[in-house]
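Here's a quick briefing to read with the structure open beside you. Have a look at the model, then work through the notes by topic.

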Amino acid sequence: MTWNERFLDLFDRCTAAYQDGNQDFTTYYSDEDLTFLGSIGYKPREFFDFVEDFCEEGLPAISTALLIAAARRDYFLTVQ
């Protein structure tokens, strides 16, 4: 199971970009990142919403974002 590590790495990179003042989420993702997000059932804007909320409000915690991603990924892969 390596998707979770990739999720956390992407979350950290996006958080760093946001904290550096870049709030244009369309510049955050490489083609590989976009493929990854699609593979776990995320749209770039949805992922950014977690990053933005974490940076602005401190919530959800990264662990919570990962747990939500796991539930979404499971639903995406087994139901949709």
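## Confidence and ground rules

Over the protein chain, pLDDT averages 92, and 98% of the residues score at least 70.

This is a predicted model, so local features need pLDDT of at least 70 and side-chain atom pairs count only at pLDDT 80 or more, while totals for chains, interfaces and linings use all residues. Residues are numbered from 1 along each chain as its sequence is written, and side-chain values use heavy atoms, with hydrogens and water left out.

The helices are DSSP runs (H or I, at least four residues; strands would be E, at least two), numbered from the N terminus.

- Helix α2 covers residues 31–39, and its buried residues are Asp33, Phe36 and Leu37. They sit on the same side of α2 because they cover an arc of only 100 degrees around the axis, taking the directions from the helix axis to the C-beta atoms.
- Here, buried means under 20% relative accessible area, exposed means over 50%, and partly exposed is in between (1.4 Å probe, protein chains only).
- Turn to the face pointing away from that buried side and you'll find the exposed residues Asp31, Glu32 and Thr35.
- As a bit of background, an α-helix has 3.6 residues a turn, so residues three or four places apart point the same way.
- What covers the buried residues of α2? The cover includes α1 (3–19) and α3 (44–57), with contact meaning heavy atoms within 4.5 Å.
- After α2 comes glycine 41, which has a positive phi, near 85 degrees.

**The nonpolar core**

- The largest nonpolar core has 22 residues, and the members touching the most others are Phe7, Tyr28, Tyr29 and Phe47. α1, α2, α3 and α4 are the elements giving two or more residues to this core, and α1 supplies the largest share, seven residues.
- Such a core is a set of buried Ala, Val, Leu, Ile, Met, Phe, Trp, Tyr and Cys residues joined through side-chain atoms within 4.5 Å.
- Leaving aside residues up to four places away in sequence, phenylalanine 47 touches Phe7, Leu10, Phe11, Cys14, Tyr29, Leu37 and Tyr42.
- Threonine 15 is worth a click too: this residue belongs to helix α1 and is buried, at a relative accessible area of 7%. Its contacts, again not counting residues up to four places away in sequence, are Val51, Phe54 and Cys55.

**Salt bridges**

- How many salt bridges are there? The count comes to five, where a salt bridge is a side-chain nitrogen of Lys or Arg within 4 Å of a carboxyl oxygen of Asp or Glu.
- In general, side chains of opposite charge can pair when their charged atoms come close.
- One of them pairs aspartate 33 with arginine 13 (3.0 Å, N to O). Aspartate 33 is in helix α2 and arginine 13 in helix α1, so this pair ties together parts that are 20 residues apart in sequence.
- Is aspartate 33 buried or exposed? Aspartate 33 is buried, at 5% relative accessible area, whereas arginine 13 is partly exposed at 38%.
- Within helix α3, aspartate 49 and arginine 45 are four residues apart, about one turn of the helix, and their side chains form a salt bridge (3.0 Å, N to O). Both ends are partly exposed: aspartate 49 at 28% and arginine 45 at 42%.
- Arginine 72 and glutamate 46 make another salt bridge, their closest N and O atoms being 3.2 Å apart. This one links distant parts of the chain, with arginine 72 in helix α4 (residues 62–78) and glutamate 46 in helix α3, 26 residues apart.
- Arginine 72 is partly exposed at 29%, and glutamate 46 is partly exposed at 28%.
- Salt bridges with shared partners also join Asp9, Arg13 and Asp33 into one network.

**The loop between α1 and α2**

- Threonine 26 lies in this loop and is exposed, with a relative accessible area of 54%.

How values were computed
pLDDT = per-residue confidence, 0-100.
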